[in-house]
Amino acid sequence: MIFHNALDIAEIVRQLLEEGWEIDPEDLAHISPYLTEHINRFGEYSTHELGIQPDAYDPKLDVDFTPLREQDLTATGLGQAA
């Protein structure tokens, strides 16, 4: 479920980028794919789609995560010269 949620989040981010929205990597850092509100643990689930091969996974997002990486390096002291 977590991977499926991550795919959904990535697809929404791609759609927003196509619409011209600016995506702040800081905002994405606060989104968790571990969402459970929509999961019915004891419900009935259809399995007829299990044999359908999904599209290839595209991990690329056109979001610049460099500021977050630099922030992490600075916080740990790795981004500073000795």
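**Entry 1. Pocket linings**

I looked up the lining of the largest pocket by class and found six nonpolar, two polar and six charged residues. In this count Ala, Val, Leu, Ile, Met, Phe, Trp, Tyr, Cys and Pro are nonpolar, Asp, Glu, Lys and Arg are charged, and the others, Gly among them, are polar. The model is predicted: local features need pLDDT of at least 70 and side-chain atom pairs count only at pLDDT 80 or more, whereas totals for chains, interfaces and linings use all residues. Residues are numbered from 1 along each chain as its sequence is written, and side-chain values use heavy atoms, with hydrogens and water left out.

I noted that the largest pocket is lined by 14 residues. Those nearest its centre are His 4, Leu 7, Gln 53, Pro 54 and Asp 55. Its volume is about 420 Å³. A pocket here is an open set of points on a 1 Å grid over the protein atoms alone, where a 1.4 Å probe fits and protein lies on both sides within 12 Å along at least five of seven lines; lining residues have an atom within 4 Å of a point. Grid points are joined across faces, edges and corners, and the volume is the space filled by probe spheres set on the points.

I then turned to the second largest pocket, with a volume of about 180 Å³. Its lining divides into nine nonpolar residues, one polar residue and no charged residue. The lining residues are Ala 6, Ile 9, Ala 10, Val 13, Leu 28, Ile 31, Ser 32, Pro 33, Leu 61 and Phe 65. Helix H1 (residues 2-18) supplies the largest share of this lining, four residues.

**Entry 2. The chain as a whole**

I recorded three helices and zero strands in the chain. Helices (H or I, at least four residues) and strands (E, at least two) are DSSP runs, numbered from the N terminus. The elements run α-α-α from the N terminus on.

I also looked up burial: buried residues make up 11% of the 82 residues in the chain. Buried means under 20% relative accessible area, exposed over 50%, and partly exposed in between, with a 1.4 Å probe and protein chains only. Of the contacts with a separation of 6 or more, 77% are between residues 24 or more positions apart; a contact means heavy atoms within 4.5 Å.

**Entry 3. Salt bridges**

How many salt bridges does the structure hold? I found three, a salt bridge being a side-chain nitrogen of Lys or Arg within 4 Å of a carboxyl oxygen of Asp or Glu.

I first examined Glu 11 and Arg 14, whose closest N and O atoms are 3.9 Å apart. Both residues lie in helix H1, three residues apart, about one turn of the helix. Glu 11 counts as partly exposed because its relative accessibility is 39%.

I next examined Arg 14 with Asp 58, where the closest N and O atoms are also 3.9 Å apart in a salt bridge. Arg 14 lies in helix H1 and Asp 58 in the loop between helix H2 (25-28) and helix H3 (66-76), so the pair ties together parts that are 44 residues apart in sequence. Asp 58, at 40% relative accessibility, counts as partly exposed. Salt bridges with shared partners join Glu 11, Arg 14 and Asp 58 into one network.

I found a further salt bridge between Asp 62 and Lys 60, with the closest N and O atoms 2.8 Å apart. Asp 62 and Lys 60 are both exposed.

**Entry 4. Arg 14**

Is Arg 14 buried or exposed? I recorded it as buried, because its relative accessible area is 18%. The side chain of Arg 14 reaches the backbone oxygen of Lys 60 at 3.1 Å. Not counting residues up to four places away in sequence, Arg 14 touches Asp 58, Pro 59, Lys 60 and Leu 61.

I looked up Ile 2, which is found in helix H1. At 42% relative accessibility, Ile 2 counts as partly exposed. Leaving out residues up to four places away in sequence, Ile 2 touches Pro 33 and Tyr 34. The C-alpha atoms of Ile 2 and Tyr 34 are separated by 5.4 Å, although the residues are 32 apart along the chain.

Lastly, I looked up Trp 21, in the loop between H1 and H2. Trp 21 is exposed, with a relative accessible area of 55%. A polar contact of 3.5 Å joins its side chain to that of Glu 19. Such a contact is a pair of N or O atoms within 3.5 Å; within protein, one must be able to donate a hydrogen and the other to accept it, and residues adjacent in sequence count only if both atoms are side-chain atoms.
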